[in-house]
Every structure is written in C-alpha cells, then in structure tokens.
Amino acid sequence: ADRKQEHFIRISLNGAHEVLSIGVVSIGLVNRTIVHPREVFADPIKERATAVIVCHNHPSGNLDPSREDRDITQRLKESGIILGINVLDHIIFSEVSYYSFLEHDEM
C-alpha cells in the first residue's frame, strides 16, 4: 500500500480456496499499470489453480475504480471462464482502506 507505483498482484487458490501462491504481475506508473490476462493466468495454469484473486494499489489513495480497472476486471473474468479459473475478486487498496469489486456486487 505504501508503494509509489501501482503494483498488480495475483493470488492463486486451490479448490478449497487455500493460497497456492502470490505473485506480482506488473509494476506500473503512479496512476496505471499494464495488465494482460496471459500474465495473470500463466502461473495459476501451471499450478492447476481453480480460482484467483487480483488486487492492486492506488498510490493516490483514491479507491474509486477507474474505467480501466473495470475493463480489466471484466476481461479477466471472461478469460477465467474460458480457462476454468474463477476470478473471485478484484481489490483496490491504499494505506487507509480498500475497495472490493465483490463486496460492491461487481463480480
């Protein structure tokens, strides 16, 4: 949360939703990072994960999802359906709080 650049992170889960691994997918700029489904799902496919949670920080502290945040969430959900790896949530966090797409009925 205290990083000055956006870090996009992926958490791989097994069938019991236990953590298999946590990995940084990309490190971007102060207000954006490039995220591609290929990079998000590469390790979960190797690990035979059944689900993932993705998250990234907003260095500005503003937790409102951007249009790009919403777009990548939708793209990852669609990719996960094709791969059989469920995207359970996308969490945006700062040093103060967080925003969960799942908790806001956006998953």
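Which residues make up the largest nonpolar core? Keep that question in hand while you walk through the fold. The model on your screen is predicted.

**Stop 1: the sheet.** Switch to cartoon view and select the strands. There are 5, and they form an open sheet in the order S2-S1-S3-S4-S5. The pairing is mixed. Now colour S2 (19–27) and S5 (98–100). These strands stand at the edges, and each has a single partner strand, so one side of each is left without a neighbour in the sheet. Turn the view to follow the twist, which averages 20° from one strand to the next.

**Stop 2: S3 beside S4.** Select residues 51–57 for S3 and residues 86–93 for S4. The two strands run parallel, joined by 7 bridges. Pick two points along the pair. Alanine 51 of the pair faces asparagine 86, standing opposite it in S4.

**Stop 3: the helices.** Show H1, residues 37–47. This helix packs on the sheet and touches S1 (7–13), S2, S3 and S4. The direction of H1 makes about 20° with that of S1. Next show H2, residues 67–83. H2 also packs on the sheet, where it touches S1, S3, S4 and S5. The direction of H2 makes about 160° with that of S4.

**Stop 4: the core.** Back to the opening question. Show side chains for Phe8, Val25, Val35, Val40, Phe41, Val52, Val54, Ile72, Leu76, Ile85 and Val87: these 11 residues are the largest nonpolar core. H1, S3 and H2 each supply at least two residues of this core.

Now centre on valine 52. Which residues is valine 52 in contact with, leaving aside its neighbours within four places in sequence? They are Arg10, Ile11, Ser12, Phe41, Pro44, Ile85, Asn86, Val87, Leu88 and Asp89. Among them, Phe41, Ile85 and Val87 are also on the core list.

**Stop 5: S4 to S5.** Move along to S5. S4 and S5 run antiparallel, with 3 bridges between them. The hairpin that joins S4 to S5 goes through 4 residues. Click isoleucine 92 again: tyrosine 99 in S5 stands opposite it.

**Stop 6: the aromatic pair.** How many aromatic pairs does the structure hold? The count is 1. Tyrosine 99 and phenylalanine 101 form it, edge-to-face, at 5.5 Å centre to centre and with 85° between the planes.

**Stop 7: two positive phi values.** Select arginine 48, in the loop between H1 and S3. Its phi is near 60°, a positive value in a residue other than glycine. Arginine 48 is exposed, with a relative accessible area of 66%.

Finish at aspartate 105, in the segment after S5. Aspartate 105 is not a glycine either, yet its phi is positive, at about 55°. With a relative accessible area of 72%, aspartate 105 is exposed.

Note on methods. Residues numbered from 1 in each chain as written. Predicted model: local features only at pLDDT ≥ 70, side-chain atom pairs only at ≥ 80, totals over all residues. Heavy atoms only, no water. Pairing = 2+ DSSP bridges. Axes fitted to C-alpha atoms, helices over the stretch in contact; angles between N-to-C directions. Contact = heavy atoms within 4.5 Å. Buried < 20%, exposed > 50% of the residue type's maximum accessible area, 1.4 Å probe, protein only. Core = buried A, V, L, I, M, F, W, Y, C linked by side-chain atoms within 4.5 Å. Phe/Tyr/Trp six-rings, centres within 6.5 Å; stacked < 30°, edge-to-face > 60°.
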